[in-house]
Amino acid sequence: MQGYGLFCLEEPLHSPQGSLLTTGPGSYKIPAFGQCPREFNVHLLDESSNPKAIYHSKAIGEPPFILANSVFFAIKDAIRAHRRDENFSPDFQLNSPVTVERTRMAMGDRFAVQHRNSAAKGSGVEPWSIRL
């Protein structure tokens, strides 16, 4: 779930002046119980040992955490499939974290295009946050 947060939820937002807006749990989305799958199967290795690790652990740190990038690529593949179904170009840029907003914009439907056009530079719309 920690990796899911990294690739799908945790987006630091900055004001147009450069101040960090997402400074704590009240403004910074972290995974919660509601985001956990209803069925979450975990299998541990039976009768395996690792006498050189702390408490005989099997994996800690980055390797299991980085495996969560599979969530990012699964979402990207789903967006690409949608774009092909709608006869849009299958080529698009998608940055992590894949927030709901970024997913919708990558879909390329008429609402995303409408928003992109209304929020274009020079349109007079002042953003409340910027991405660095």
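Me: Is L13 buried or exposed, and what relative accessible area does it have?

Reply: This is a predicted model, so take every value as computed from it. Burial is read from relative accessible area, with under 20% counting as buried. L13 has 14%, so it is buried.

Me: Where in the chain does L13 sit?

Reply: L13 lies in the loop between α1 (2-8) and α2 (62-66). Its C-alpha atom is 9.0 Å from that of T23, which is 10 residues away along the chain.

Me: How many helices and strands does the chain have?

Reply: There are 5 helices and 0 strands. In sequence order the pattern reads α-α-α-α-α.

Me: What share of the chain is buried?

Reply: Of 132 residues, 20% count as buried. The accessible surface comes to about 10,400 Å². Carbon and sulfur atoms hold 57% of that surface.

Me: How do I read contacts by their separation in sequence?

Reply: Start with pairs at least 6 apart in sequence, then ask what share joins residues at least 24 apart. In this chain the share is 53%.

Me: Which residues does K76 contact, leaving aside its neighbours within four places in sequence?

Reply: K76 is in contact with F92 and L94. K76 itself is found in helix α3. Its C-alpha atom lies 8.4 Å from that of T103, 27 residues apart along the chain.

Me: Is K76 buried or exposed?

Reply: Apply the cut-off again: buried means under 20%. K76 has 17% relative accessibility, so it counts as buried.

Me: Now salt bridges. How many are there?

Reply: The test is a distance: a side-chain nitrogen of Lys or Arg within 4 Å of a carboxyl oxygen of Asp or Glu. By this rule the count is 3.

Me: Which residue meets E11 in a salt bridge, and at what distance?

Reply: The partner is R102, at 3.0 Å from N to O. The pair links distant parts of the chain, 91 residues apart. E11 is in the loop between α1 and α2, whereas R102 is in helix α4 (residues 100-107).

Me: Are E11 and R102 buried or exposed?

Reply: Both E11 and R102 are buried.

Me: Where do D77 and R80 lie, and how many residues apart are they?

Reply: Both are in helix α3 (residues 69-85), 3 residues apart. That spacing is about one turn of the helix.

Me: Why does D77 count as partly exposed?

Reply: Partly exposed covers the range between the buried cut-off of 20% and the exposed cut-off of 50%. D77 has 47% relative accessibility, so it falls in that class. R80 is also partly exposed, because its relative accessible area is 22%.

Me: Which residue forms a salt bridge with R104?

Reply: D109 does, with the closest N and O atoms 2.8 Å apart. R104 is partly exposed, with a relative accessible area of 38%.

Me: What about the backbone? Which residues does a cis peptide bond join?

Reply: For the peptide bond, look at omega. The cis bond joins S96 and P97, with omega about 5 degrees. P97 is in the loop between α3 and α4.

Me: What is phi of N87?

Reply: Phi of N87 is near 60 degrees, a positive value in a residue other than glycine. N87 is in the loop between α3 and α4. It is exposed, with a relative accessible area of 70%.

Me: Last, pockets. What volume does the second largest pocket have?

Reply: Rolling a probe the size of a water molecule over the atoms shows where empty space is left. The second largest pocket has a volume of about 260 Å³.

Me: How many residues line the second largest pocket, and which lie nearest its centre?

Reply: The lining has 12 residues. Nearest the centre are M1, G3, Y4, F40 and A68. The elements giving two or more residues to this lining are α1 and α2. α1 gives the most, with 3 residues.

Me: How many nonpolar, polar and charged residues does the lining of the second largest pocket have?

Reply: Sort the lining by class. It has 9 nonpolar residues, 3 polar ones and no charged ones.

Definitions and conventions. Residues are numbered from 1 along each chain as its sequence is written. This is a predicted model: local features need pLDDT of at least 70, side-chain atom pairs count only at pLDDT 80 or more; totals for chains, interfaces and linings use all residues. Side-chain values use heavy atoms; hydrogens and water are left out. Helices (H or I, at least four residues) and strands (E, at least two) are DSSP runs, numbered from the N terminus. Buried means under 20% relative accessible area, exposed over 50%, partly exposed in between (1.4 Å probe, protein chains only). On a 1 Å grid over the protein atoms alone, a cavity is a set of points where a 1.4 Å probe fits but cannot get out, and a pocket is an open set with protein on both sides within 12 Å along at least five of seven lines; lining residues have an atom within 4 Å of a point. Grid points are joined across faces, edges and corners, and a volume is the space filled by probe spheres set on the points. Ala, Val, Leu, Ile, Met, Phe, Trp, Tyr, Cys and Pro count as nonpolar, Asp, Glu, Lys and Arg as charged, and the others, Gly among them, as polar. Contact means heavy atoms within 4.5 Å. Accessible areas come from the Shrake-Rupley method with a 1.4 Å probe; for residues, only the protein chains shown count as cover.
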